[in-house]
Amino acid sequence: MEFLKHFPVLTEPQVKTLFQHSREISYALRQDSSILFPEPLAQDGQTIRYQFIELPPPLIEQMQAQNSLEDDMRHIGCALALIHKGATTHDRTLLHGDFVPHNVFLQSGKIIIIDPHLPENLPFSEALLYGDRRRDVTAFIFGIFSDVGLKRALKHYRYYNHLARWFLSGYASACPVRPFLLPVLTYGKDVYVMKCKAHFSCMNSLAHCVGAGLATLCVIWSYQCRRKS
Ligand SMILES: Nc1ncnc2c1ncn2[C@@H]1O[C@H](COP(=O)(O)OP(=O)(O)O)[C@@H](O)[C@H]1O
Ligand SMILES: [Mg+2]
């Protein structure tokens, strides 16, 4: 069975780049049998054909239920590091491109990662597929606070902060992380633009992005301070 992913607003050469990019991710993740990624089978015009995978309930549901996810979060961090260490024909780092909790699933000790494409509301940019690895790290931590609902995340800050720190420590065990600011600001701005384009009120979107951005910065900076002390 196949899963067809259609990109109506992209040109064929852009979809070809996406296809090549997803093959590189598939290759990078093949080294670890506990991480599954749907095989990119072919590109037909503006469509990419992927292997169909029977997906379990989304990770977001487990995060909302506040399940104990320490090992899983570390595992997800390691999976992202594996992508970033992946071989590519580009001279910059291989990125996932949309590494948010919505694109990650857990299945009996395994991780399934899907959708390595830029969010639809952002203009196509190769720099978001091959570039600054801090963007993917930011996207996941930002998503932990944003995707479960910012109000809920702030109300239960301790739990979501732990999730983010476990993810970061899994990632940092394979790829070093130093404190950073700019990628968080850029990512927050991009989410703001996407939310406004998706017809959320701009005031609400701004408050949401500032809240999730600050929570992301707190995780990244406090993680380093704790490691030093
Ligand atoms: N390879 C796949 N096999 C089976 N279902 C998939 C596959 N890829 C995506 N899906 C399903 O389609 C949904 C949306 O796909 P996704 O690629 O994440 O697109 P987007 O986030 O842009 O809507 C996913 O949440 C998942 O339920
Ligand atoms: Mg998706």
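How many bridges join β2 to β7, and do these strands run parallel or antiparallel? Two bridges join β2 to β7, and the two strands run parallel, where strands count as paired if DSSP finds at least two bridges between them. The structure is a predicted model, in which local features need pLDDT of at least 70 and side-chain atom pairs count only at pLDDT 80 or more, while totals for chains, interfaces and linings use all residues. Residues are numbered from 1 along each chain as its sequence is written, and chains are lettered from A and ligands numbered from 1 in the order in which they are written. Helices (H or I, at least four residues) and strands (E, at least two) are DSSP runs, numbered from the N terminus.

The pairing of β2 with β7 belongs to an open sheet of three strands, ordered β2-β7-β6, whose pairing is mixed. Because β2 (35-36) and β6 stand at the edges, each with a single partner strand, one side of each is left without a neighbour in the sheet. Strand β6 (residues 104-107) and strand β7 (residues 110-113) run antiparallel and are joined by four bridges, with Q107 standing opposite K110 in β7. The hairpin of β6 and β7 has two residues between the strands, and in it S108 takes a positive phi near 35°.

A further open sheet is formed by three strands in the order β1-β4-β3, with antiparallel pairing. Here β1 (2-6) and β3 (40-44) are the edge strands, each with a single partner strand, so one side of each is left without a neighbour in the sheet. On average, and with direction ignored, neighbouring strands of this sheet are turned by 20° against each other; angles run from 0 to 180 degrees between N-to-C directions, and axes are lines fitted to C-alpha atoms, for helices over the stretch in contact. Five bridges pair β1 with strand β4 (residues 47-51) in the antiparallel sense, and R49 in β4 is the bridge partner of L4. Helix α1 packs on the sheet, where it touches β3 and β4, and its direction makes about 175° with that of β3; contact requires that the C-beta atoms of two residues, placed from the backbone, lie within 7 Å.

Helix α3 (residues 70-84) also meets helix α1 (residues 12-29), their axes coming within 8 Å and crossing at roughly 120°. That angle makes α1 oblique to α3, given that angles under 35 degrees count as roughly parallel, over 145 as roughly antiparallel, 65 to 115 as roughly perpendicular and the rest as oblique. The contact is made by I25, A28 and L29 of α1 together with A79, L82 and I83 of α3. Helix α3 lies across β2, β6 and β7, running at about 50° to β7.

Helix α4 (residues 134-146) and helix α6 (residues 157-172) pack with their axes 9 Å apart, at an angle of about 160°, which makes α4 roughly antiparallel to α6. From α4, the contact draws on V137, F140, I141, I144 and F145, and from α6 on Y160, L163, A164, F167, L168 and Y171.

Around ligand 1 lie F3, K5, P38, Y50, F52, I53, L55, N103, I114, D115 and E120, each with its C-beta atom, placed from the backbone, within 6 Å of the ligand.
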